[in-house]
Amino acid sequence: MHMAQAVAAPVAASRKRGVFGSPLTRREAIMGYLFISPWLIGFVVFLAGPIIASFVLSFTRYSPGRDPVWLGLSNYARMFSDDLFYHSLRVTTIYTLFSVPLGLITALGLAVLLNQKVIGQRVFRTIFYLPSLISGVAVAIVFAWIFNARFGVVNYFLSLLGLPGPNWLGDPDWTMPAFILMSLWGVGGTVVIFIAALQGVPLELYEAAQLDGAGSWKRFLHITLPMISPVILFSLITGIIGTFQTFAVSYIMTGGGPANASLFYLLYLYRNAFTWFEMGYASALAWFLFLIILICTAILLRTSDLWVHYEGLGRK
Amino acid sequence: MAAIPFKRHSAQWYVRQIARNVVVYGLLIGLGAIFILPFLWSVTSSLRETGAPLSFPPQFLPTQFNWGNYVRVFEMIPFATFFRNSVIVTTLAVFGELLSASLVAFGFARLRFPGRNLLFIVLLSTMMIPYPVTMIPSFILWVRGLGMANTFGPLVLPPFFGPAFSIFLLRQFFMTINTELDEAAKIDGASEFRIYWQIILPLAKPALATIAIFSFMANWNDFLTPLIYLSDRNLYTLALGINFLRNMRGGGELALQMAGAVMFVAPCIILYFLAQRFVIQGIVTTGLKG
C-alpha cells in the first residue's frame, strides 16, 4: 500500500540529479552509506548471516561443541514422522484459527462501541487498552490463578450462572479454550487501530446512506466494513504471524501441558534447540515455521482482492 | 450517527435513542468490568494475608493491606538486582535503538546514494522474517563465536544495529520534514551530521518518543531472549525473575506471586500514563500493538 508510495518518491528524486555527478554528490553518497552502516552491518551479521546459517544447519545434526554432521534432507523427513511436530503444529493452528478471528471480532465490536459518543470515552478506551501493555510473563502468572479450578475467578462466575467450572489448565480438553479466552484480554492494541480506522471513514458516506434509508446495520455492512477492510487485513496478517510465535504464556503457565495440550510450535522448537540441543532439527522446524507464515501471508494477500476495498482503486 | 438537522423527532425516535444508550453503556460497563477485573483481583490478592486459605468467592477489592508481602518478595528473590538488570538492559537497548534507527533513517530519508531504494526494500522485507529463524545461529554466534553467554551483550547490542521497524517509522517521519531547512544549512556549510543532530532530531522528538516507549515495553517484557542467554541468576532480568519466584520453594503463595507481578508491570503502566499521547499515536501510525 503506502510502502510503494514511500519507495517511489526518492526514485524520482535521484533521477533528477545524476548518480555520482560531482564531488558534492559523491560526498553525499559516502555519507549516506556511513549513516546506514549500523543497519548494513546488523543486516549482514545478525540477519543475512544467521538466515543462511540456519538454512545450512537445517540439513545437519548439530549440537554446540560438536562438529555439524551433514544429514541431507533427513531433518525434514524426520519432521513428517514426528508425532510431536504434528501435535504442536495442530495446537498452534487451532489456537490461531480461534484466537485471531475471535480477537478481530472482539476488537471490532469494542472499537464500534468506543467510537460512539459516550460519556467517559477516554476512561473506557484506557480500560480496554491497558491489558495489552501486560506482557506474556505477567499474564501467564496472573491467569494461571484466574483459571484455577477451585478458587479461580472464571469458575466463580460460571458458578454464579449455575454452570460447573472445568479444570481449565488441568484438563487437556479445556486448556486450549483457556488460552484462547486469555488472548482476548489483550485485544486492546487492535481496538486502538480499529478506532482510528473507523474515524477515517468519511461521514458523508453515512449521511448519504441514511438519506437513502439504510439502517445502521446496513450502513455497518456496506460502508464501515469495506472502508476499514485494509486495516482488518493488516491485523489479520500480523495476528497470524504473532500467534504462530506464541511462547512465553505456554512456557510459564502450563509448560506445554497437560498431556501436551498447550505444546505450541515455538515451545517445541525451543525445547529441541535449547533443552535437547538438537539445533539442526530445530533449524528445520524454524524454516518450516517461516514457510507457513509466508504461505499464510501470500494467500491472504492474493485473496484480499476479493474482500479488501482500497479507496480510489475501485473493485476489480 | 449524525441526525439530520431541522427534523422533528418522533416519540419513537427518542425511545430508540434511549434503548440504544442503555445497550451501549450496558456493554461498555459490563465488558469494561471484565477487562479491569484481573487488575483489581491481582492487586487485591497481592495484599491478602499469606498462608491464609484462598477465599471463595474471590475478592476483587482489598479488605486487608499486608504491604509486607511486597517486602517479602525482595527477601525471597534478589528483586532489587533483577530490577536493576532490567533497567540496565532496557535503558541500553532503548538508547541503542534510538541512536541507530535515527542515523539509518536519516540516511534513507535525506541522503542520496546508489542502491538506496533497493536497500530500503531489503530493509522492509526483513520485517517479515520471524525471530525463530535467526534465533539458533544468533545463539551460536553470541555464545560460541563471541563468548557472550551470561552477559547482557546479546540483549543490548542488537538494537545498536538498526531495528528495521523503527528505521521504517522514523524514515517515514523524516520524509515529512521540509527539506528547505537542511538545504539552507547545507549552503551555510553544515555537515550532514550537524543537520541530523541539530535540525532533524529536535523536530523528530514525538516520533523518537514513540519509538522509545515501544522499545521500552518490548525489552522490559522480553522473556525468550533472556531465557536463552542468561542462566546466571545474578543476571536475570525481572521477566525471568518473577517466573523464578513462582517456581521456587515457598513461591507457590498467591500473594507473593501477585506482589511480584504488580511490581513487574507497574513501570509499563506508569510509562503509559505519562506518555499516553505518544503511545496511541504510535499504534495508530504504525499498526504496532504494544
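Trainee: How many residues does the contact take from chain B and from chain A?
Mentor: This is a predicted model, in which local features need pLDDT of at least 70 and side-chain atom pairs count only at pLDDT 80 or more, while totals for chains, interfaces and linings use all residues. Residues are numbered from 1 along each chain as its sequence is written, and chains are lettered from A and ligands numbered from 1 in the order in which they are written. With two residues in contact if their C-beta atoms, placed from the backbone, lie within 7 Å, chain B gives 80 residues and chain A gives 83 residues.

Trainee: Which element of chain B brings the largest share of the side that touches chain A?
Mentor: Helices here are DSSP runs (H or I, at least four residues), numbered from the N terminus. The largest share of that side of chain B is 12 residues, and these come from helix H1 (residues 11-46) of chain B.

Trainee: Within chain B, are H3(B) and H10(B) parallel or oblique to each other?
Mentor: Helix H3 (residues 79-110) and helix H10 (residues 205-221) of chain B pack with their axes 9 Å apart, at an angle of about 140 degrees. Axes are lines fitted to C-alpha atoms over the stretch in contact, and angles run from 0 to 180 degrees between N-to-C directions. Under 35 degrees counts as roughly parallel, over 145 as roughly antiparallel, 65 to 115 as roughly perpendicular and the rest as oblique. H3(B) and H10(B) are therefore oblique.

Trainee: What does the C-alpha trace of chain A span along its principal axes?
Mentor: The secondary structure of chain A comes to 14 helices and 2 strands (E, at least two residues). Along its principal axes, the C-alpha trace of chain A spans about 70 × 55 × 35 Å.
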